[in-house]
Amino acid sequence: MDAPESRSESNSPRQGSTSTEVQAIKRSLANHLIYTGGKHIENATGRDWYDTTSHTIRDHLIEKWVDTVRAYYVKDPKRVYYLSLEFLIGRMMSNAALNLGIEPAVKEALHALGQDMEHVAEMETDAALGNGGLGRLAACFLDSMATLDLPCMGYGIRYEYGMFNQRIENGQQVEHPDNWLRYGNPWEFQRPERLYPVKFYGHVVQFPNGHGRMEHHLVDNEIVMAMAYDVPIPGFQTDTVNNLRLWAAKATREFNLDYFNEGNYERAVEEKNTTENLSKVLYPNDTSVMGRELRLKQQYFFVSASIQDILHRFQSDHHDWDQLPEKIAIQLNDTHPSIAVSEMMYQLIDIHHLEWDEAWRLTGMIFAYTNHTLMPEALETWPLEMFGNVLPRQLEIIYEINHRFLQQVNHQFPGETDLLSRVSIIDETHGRRVRMAHLAVIGSHTVNGVAAIHSELLKTTLFRDFHRIFPGKFINVTNGITPRRWLNQCNPGLTELIASRIGSGFVRDLTQLEKLAKFADDAEFRKQFRAIKQANKQHLAERIHLHMGINVDPNSMFDIQVKRIHEYKRQLLNVLHVITLYNRIRAGQTAGLTPRTVIFAGKAAPGYWMAKLIIRLINDMAGIVNHDRAVGGLLKVLFYPNYDVSTAQIIFPASDLSEQISTAGSEASGTGNMKMALNGALTIGTLDGANIEISEEVGADNIFIFGLTTPQVADLRASGYNPWDYYNNNPELKQALDMIGSGFFSVEEPDRYLPIFDNLTRNGDYYLLLADYASYIACQEEVGRGYQNQEEWTRRAILNVAHMGKFSSDRTIQEYANKVWKISPIVR
């Protein structure tokens with residue numbers, strides 16, 4: 001039976017509130033304002049209202065949270081522990097209110113007290129616990145785990161300053177501390193009783209224990225204490241509230257009174273400050289030896305604390321080590337936490353005194369590893385000397401794992417000495433390094449890629465040898481996004497419109513969006529859909545004007561590329577298109593041209609010089625284009641600073657065109673492509689990552705595909721790619737590149753962008769921008785023509801939304817639960 005055509009209140013994902021509920025929340029707000037904040041309503045600030053509202057919503061969470069923990073202990077299920085160096089959870093207040101179903105009542109109660117919930121929500125600072133897609137994926141997964149009532153828990157680091165706050169000064173990215181905890185965090189709970197020692201440096205001594213085996217002890221070592229902070233993660237319309245546990249580094253000695261009394265105040269706190277640097281910043285700049293060492297210590301710090309905590313929880317109720325794989329599943333989110341494999345061995349052998357074979361058998365049944373990259377240079381490797389200095393016992397254990405593994409491979413493939421060198425955990429060919437991805441593959445029962453093409457390429461390229469050794473170990477689990485944040489929360493207008501036609505069940509079961517497809521041919525629905533998109537664009541335009549002082553036309557096409565700045569993501573290809581458009585406008589070739597606002601956003605790693613130069617080029621280009629009177633209203637370019645989750649929640653609903661233009665075979669999956677399509681954007685992209693599966697779902701007529709395929713990329717590189725051929729044979733491309741290289745966008749410093757020109761020509765253009773340029777320009781021309789027919793564009797946009805059901809993180813997590821973790825929901 002079809003869903004009702006007209007909207008009813010019961011269809012809304014934002015259920016209405018009763019007067020009793022509103023009054024109860026109003027009383028709670030008033031009480032928290034006085035008894036938690038110590039303020040009266042007359043002198044309460046915006047931040048006071050945020051804290052008050054957060055504590056009120058948190059009250060509703062805590063009872064469910066405590067009951068969830070109690071249910072897990074009583075029912076004793078197998079639990080999943082998700083280890084990730086990043087959790088980009090964004091703002092908590094509105095998300096928690098929506099998931100708990102109390103958002104309308106909170107909004108109404110605040111209004112009765114003279115406050116606006118949207119303004120109150122703006123006071124919350126994004127939790128700076130991640131950088132990009134990896135951390136946002138982990139956050140989506142936590143939401144889905146709780147929504148599906150799965151017994152899961154996240155582990156990460158409580159970064160005091162996050163990655164950095166990005167400001168654009170003179171067109172350049174400048175990194176400032178992101179002091180997101182400046183005003184405290186009402187969503188975290190300190191757990192001082194959950195404190196574990198993490199050991200660095202020192203040396204290993206061996207001695208017989210009197211029972212026929214050697215024991216190993218790390219002596220003369222440095223100890224850092226890991227203290228837990230817990231963050232509740234509520235599911236949507238469920239009683240389950242799971243836990244995210246974050247570790248903060250604490251010194252064993254807070255303060256040296258002797259130094260202080262001598263007047264040496266810096267030395268008095270030196271040990272504390274040095275120790276606590278471990279959890280200060282996400283991804284410290286690794287261009288120095290000290291920066292690389294700090295990264296290694298960060299990874300081991302959170303992994304060791306997490307493994308100790310997991311085993312402590314297991315031992316509190318179990319005494320048979322054979323039960324360990326029946327009660328514990330650990331998922332490694334990318335290569336950063338892969339040292340968990342050797343740490344588990346260390347804990348089982350050195351601390352709990354299991355025999356090696358038994359410990360390795362259990363370890364191999366516990367771990368699973370998700371790979372997120374196809375680029376060998378992005379896989380974690382550590383110089384052997386540094387690794388052995390920082391983690392001497394870990395290196396011994398890795399040596400033993402590697403020795404036994406290579407013996408197994410030698411028996412399985414006798415005489416293939418090159419194979420042994422390729423799969424060894426120790427790389428002997430590039431200055432002796434520890435290959436952490438190899439450790440993760442060897443120590444895990446399952447390895448998965450995150451899109452169909454990515455998983456296939458893992459088996460045929462990056463991990464081809466391991467696929468031979470471990471047939472059946474490699475599987476695919478395509479990434480997904482949570483519809484709670486990326487539709488229900490960030491695009492309430494579209495959410496309500498969809499619910500008015502098909503009911504609100506799609507927020508929990510995104511496959512129900514299929515029922516929306518028939519409304520693509522409904523003129524009235526298209527009109528309402530366009531009105532919502534226009535309102536979202538107007539909202540973004542106002543935000544841009546407020547923060548950047550730039551006026552953009554919401555009637556223009558919003559052409560958006562927002563993601564981490566990296567050469568393989570090819571922001572420069574987009575730049576070349578913008579310059580080409582600019583040159584055509586200046587030459588008077590404006591007939592039939594679609595007005596565009598091209599929006600870039602994203603952070604470059606502090607040590608990634610080329611990525612930072614690309615940001616500067618975008619800003620210099622914008623300065624020229626936006627101030628050229630000849631351009632008129634046909635083209636506007638901007639780089640929106642400090643891209644984060646809250647910014648994404650404004651940008652995605654306003655996007656018309658989603659730029660997903662990485663070199664084919666380089667992007668593992670991507671999730672920005674899913675978020676924009678779910679919010680009614682059409683994609684222009686290569687057949688890379690999840691673009692392929694999006695194309696399969698929405699249909700070839702509803703996506704703009706261009707460029708070389710992955711096999712064509714490999715063939716072109718193998719045949720001897722020469723970017724000069726493309727440069728010399730395409731006048732528009734040559735003109736655009738010459739403008740970059742000759743200083744057109746940097747008159748005061750003509751050679752500023754010569755390194756970019758050289759990278760794309762003399763240095764070989766590794767990511768094949770020049771090879772894909774003509775196809776990209778032609779595809780963009782098709783986009784421009786298509787946008788002019790708004791009825792048809794809207795129809796295709798609706799079909800994109802309707803066919804996004806596959807890309808829910810609920811589906812992704814259910815696949816992990818069934819295929820990898822073997823766990824079931826715990827419903828109370």
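I looked up His353 and found it in the loop between helix 11 (340-351) and helix 12 (356-366); helices are DSSP runs of H or I with at least four residues, strands are runs of E with at least two, and both are numbered from the N terminus. The model is predicted, with local features needing pLDDT of at least 70 and side-chain atom pairs pLDDT 80 or more, while totals for chains, interfaces and linings use all residues. Residues are numbered from 1 along each chain as its sequence is written, and side-chain values use heavy atoms, without hydrogens and water.

I noted a positive phi of about 65 degrees for His353, which is not a glycine. His353 counts as partly exposed because its relative accessibility is 42% (buried is under 20%, exposed over 50%, partly exposed in between, with a 1.4 Å probe and protein chains only).

I then turned to Asp76, in the loop between helix 2 (46-75) and strand 1 (79-83). Asp76 has a positive phi, near 50 degrees, and is not a glycine. At 25% relative accessibility, Asp76 counts as partly exposed.

Next I checked the cores. A nonpolar core is a set of buried Ala, Val, Leu, Ile, Met, Phe, Trp, Tyr and Cys residues joined through side-chain atoms within 4.5 Å. The largest has 148 residues, of which Phe200, Phe301, Ile330, Phe387 and Trp821 touch the most other members. Helix 9 (residues 289-315) gives this core its largest share, 10 residues. I also listed a second, separate core of 123 residues, with Leu88, Val575, Ile618 and Leu682 among them.

Leaving aside neighbours within four places in sequence, I found Phe200 in contact (heavy atoms within 4.5 Å) with residues including Asn221, Glu222 and Phe301.
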